[in-house]
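Trainee: I would like to take a close look at a single part of this model. Please walk me through how it is put together, and then what lies around it.

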Amino acid sequence: MHAFQNNWLVKKMQERLISDDIFAGYNQTYETIIEDLQNKHFSVVDHFFPSHLIISLQKEILIKYQADDLKKAAIGNKTNEIIEKEIRGDFIQWINENNVNDIEKEYFDKINDFVTYLNRTCFMGILHKEFHYAVYPKGTFYQRHLDTFQNDQRRKLSMVLYLNDENWTIDNGGELVIYTKENKAETIIPLPGRLVIFESQLLEHEVKPVLKNEKRLSITGWLKTR
Ligand SMILES: O=C(O)CCC(=O)C(=O)O
Ligand SMILES: [Fe+2]
């Protein structure tokens with residue numbers, strides 16, 4: 001018997017069994033993600049986005065970081081934000097989907113296609129999204145947490161896309177560790193182009209310290225219900 005059979009996503013999956021609509025516009029990558037989420041509440045996909053987009057987004061985040069556009073990330077809710085270096089040390093910039101360049105638009109087009117698929121085939125009811133760039137310089141990390149810091153129960157799926165250099169190695173640190181419901185640590189190397197999707201309210205996770213001078217680059221976001 002599955003330990004989390006009554007959680008939000010699994011309920012959606014059960015409803016899904018009765019939908020014939022799944023077969024219209026069937027997408028194998030999306031189906032793999034949905035199956036992973038159903039089985040283990042997270043999924044790791046390496047070629048969700050085309051590689052030219054990863055390269056362009058990497059250039060983009062580096063330009064913004066060098067222009068000092070990213071700010072120290074805070075914790076807590078919006079009215080009570082505190083910067084707590086002992087908890088997280090990354091620099092972020094929120095992306096406004098209504099004001100994007102061509103590269104960011106290509107990114108959002110793909111995200112929106114995925115969201116439409118989830119809503120159509122799993123009745124997931126995703127209505128809102130929020131995404132930010134994140135840079136973790138040497139020595140920074142993000143302690144074990146759930147993605148519900150901002151008192152926001154609407155966050156359902158977390159999505160992290162790594163924009164690291166193609167020469168990124170395991171010695172750089174900065175692994176994402178996801179703690180499964182059996183409290184088993186799953187270590188994910190932040191390889192360029194890798195996308196990690198997990199259930200925001202269910203799985204605790206942490207970013208291990210970045211050990212080398214190579215900055216750890218990503219876009220992190222949340223798919224939210226009403
Ligand atoms: O960058 C990652 O791998 C995870 C980031 C994260 O957990 C967060 O921003 O909430
Ligand atoms: Fe997180």
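**A sheet, strand by strand**

Mentor: Let's start with one pair of residues: Y179 stands opposite A185 in β8. Strands here are DSSP runs of E of at least two residues, helices are runs of H or I of at least four, and both are numbered from the N terminus. Before going on, please keep in mind that this is a predicted model, where local features need pLDDT of at least 70, side-chain atom pairs count only at pLDDT 80 or more, and totals for chains, interfaces and linings use all residues. Residues are numbered from 1 along each chain as its sequence is written, while chains are lettered from A and ligands numbered from 1 in the order in which they are written.

β7 and β8 pair in the antiparallel sense over four bridges; strands pair when DSSP finds at least two bridges between them. The two make a hairpin with five residues between them, and N183 in that turn has a positive phi of about 60°.

Now widen the view. At the β5 end, two bridges join β5 to β10 in antiparallel fashion, and H145 stands opposite H205 in β10.

H205 also takes us to ligand 1, whose surrounding residues are A134, Y142, D147, V160, L176, H205, V207, S218 and T220. A residue belongs to such a shell if its C-beta atom, placed from the backbone, lies within 6 Å of the molecule. β10 (204–207) and β11 (216–224) are the elements that give two or more residues to the shell. By type, the shell divides into five nonpolar, three polar and one charged, where Ala, Val, Leu, Ile, Met, Phe, Trp, Tyr, Cys and Pro count as nonpolar, Asp, Glu, Lys and Arg as charged, and the others, Gly among them, as polar.

For context, the whole protein has four helices and 11 strands.
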